Amino acid sequence: MLPWLLLLICALPCEPAGISDVSLKTRPPGGWVMEGDKLVLICSVDRVTGNITYFWYRGALGFQLETKTQPSLTAEFEISDMKQSDADQYYCAANDGHDPIPSELVSIHVRVPVSRPVLTFGDSGTQAVLGDLVELHCKALRGSPPIFYQFYHESIILGNSSAPSGGGASFNFSLTAEHSGNFSCEASNGQGAQRSEVVALNLTGLSLVPTENGISHLSLGLTGWLLGCLSLITMALIFCYWLKRKIGRQSEDPVRSPPQTVLQGSTYPKPPDSRQPEPLYENVNVVSGNEVYSLVYHTPQVLEPAAAQHVRTHGVSEVQGGIA
């Protein structure tokens with residue numbers, strides 16, 4: 001009886017075992033894709049027992065993207081134009097007529113090239129004074145982090161900075177006369193570099209004159225201002241020198257020096273009878289430096305009215321007597 005049972009069991013059709021392993025891979029590999037490029041999600045099973053239905057899902061909640069049925073170990077789903085918003089987790093599932101078996105989650109990262117950055121100045125704006133601390137701020141509005149920035153004056157690199165989490169970065173420097181001109185910045189995140197537009201910085205007292213090559217040079221504005229100040233200082237010095245010379249000549253000139261006078265009494269005796277008008281003489285010694293000058297002054301005597309009348313009458317009588 002037992003052998004017949006064994007033969008009966010072997011004669012019954014045995015169902016093959018179903019799939020047990022499902023995996024999801026990407027192309028390009030590693031789960032990194034550039035914005036605008038194509039992403040291929042490849043779903044694979046360990047064995048084929050007939051037609052297999054493949055499912056692709058986005059997100060941990062399982063938003064279904066695509067379904068395909070085919071008798072193959074692998075199936076592909078393609079996203080032709082990846083966007084930054086497509087970065088998410090993806091998985092697939094396979095069903096060979098039994099319950100569907102899902103794969104593990106795969107994270108997809110979309111690399112966004114940097115956009116053209118914008119260069120701005122800090123609080124000073126595009127007008128600044130020599131010696132100011134100037135801030136250059138460069139920002140790319142789009143781009144996957146980290147973003148590396150370089151700052152330029154004309155074609156010379158001033159410095160660099162980075163934004164590990166994206167956004168913008170700044171660079172500070174002390175302003176000199178050599179910094180007048182055009183500034184720009186460059187942004188890069190490994191997916192290509194972008195250069196900003198050129199921004200001109202004007203220094204107070206200086207003007208920028210564009211040349212045929214588009215390069216700005218310093219005009220004579222500052223030079224004229226300096227020459228004007230120098231002229232005023234020179235005129236002030238000349239006036240001070242002239243005034244000093246004039247004072248020095250006055251102190252050395254004996255004629256202009258105030259004379260030191262020594263009055264002496266008259267050496268002529270006064271006559272006892274002052275009826276006749278007698279002249280008065282005085283000696284005046286003028287001392288200037290080491291020299292002494294003697295001057296004689298004649299001072300007429302002032303007569304009383306009665307005496308003056310007597311002199312006039314006496315003089316007329318003498319004249320008449322002489323004529324007779």
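Predicted model: local features only at pLDDT ≥ 70, side-chain atom pairs only at ≥ 80, totals over all residues.
The chain averages a pLDDT of 76, with 64% of its residues at 70 or more. On the structural side, strands β10, β12 and β15 make up an open antiparallel sheet. Two cis peptide bonds also get a mention, one between Arg27 and Pro28 and one between Pro145 and Pro146.

**Confidence**

- Residues 261–269 have pLDDT below 50, and beyond near neighbours in sequence this stretch makes 12 contacts in the model.
- Residues 310–324 stay under 50 as well, and here the model has five contacts beyond four places in sequence.

**The open sheet**

- Three strands line up in the order β10-β12-β15, and their pairing is antiparallel.
- The edge positions go to β10 (118–121) and β15 (168–174); each has a single partner strand, so one side of each has no neighbour in the sheet.
- From one strand to the next, the twist averages 20°.
- Zooming in on one pairing, β10 and β12 (residues 133–139) run antiparallel and are joined by four bridges.
- Within that pairing, Val118 sits opposite Lys139 of β12.

- Trp32 belongs to strand β2, which covers residues 32–34.
- Setting aside neighbours within four places in sequence, Trp32 touches His109 and Arg111.
- Ser107 lies 75 residues away from Trp32 along the chain, yet their C-alpha atoms are 8.7 Å apart.

**Cis peptide bonds**

- The bond joining Arg27 to Pro28 is cis, with omega at about 10°.
- Pro28 is part of the loop that links β1 (22–27) to β2, and β2 is the strand that holds Trp32.
- Pro145 and Pro146 are likewise joined by a cis bond, with omega about -5°.
- Look for Pro146 in the loop between β12 and β13 (147–153); β12 is also a member of the open sheet.

**Glu154, a positive phi**

- Where does Glu154 sit? You'll find Glu154 in the loop between β13 and β14 (156–163).
- Glu154 isn't a glycine, but its phi is positive, near 55°.
- With a relative accessibility of 29%, Glu154 counts as partly exposed.

Key: Residues numbered from 1 in each chain as written. Heavy atoms only, no water. Pairing = 2+ DSSP bridges. Helix = DSSP H or I, 4+ residues; strand = E, 2+ residues; numbered from the N terminus. Axes fitted to C-alpha atoms, helices over the stretch in contact; angles between N-to-C directions. pLDDT = per-residue confidence, 0-100. Contact = heavy atoms within 4.5 Å. Buried < 20%, exposed > 50% of the residue type's maximum accessible area, 1.4 Å probe, protein only.
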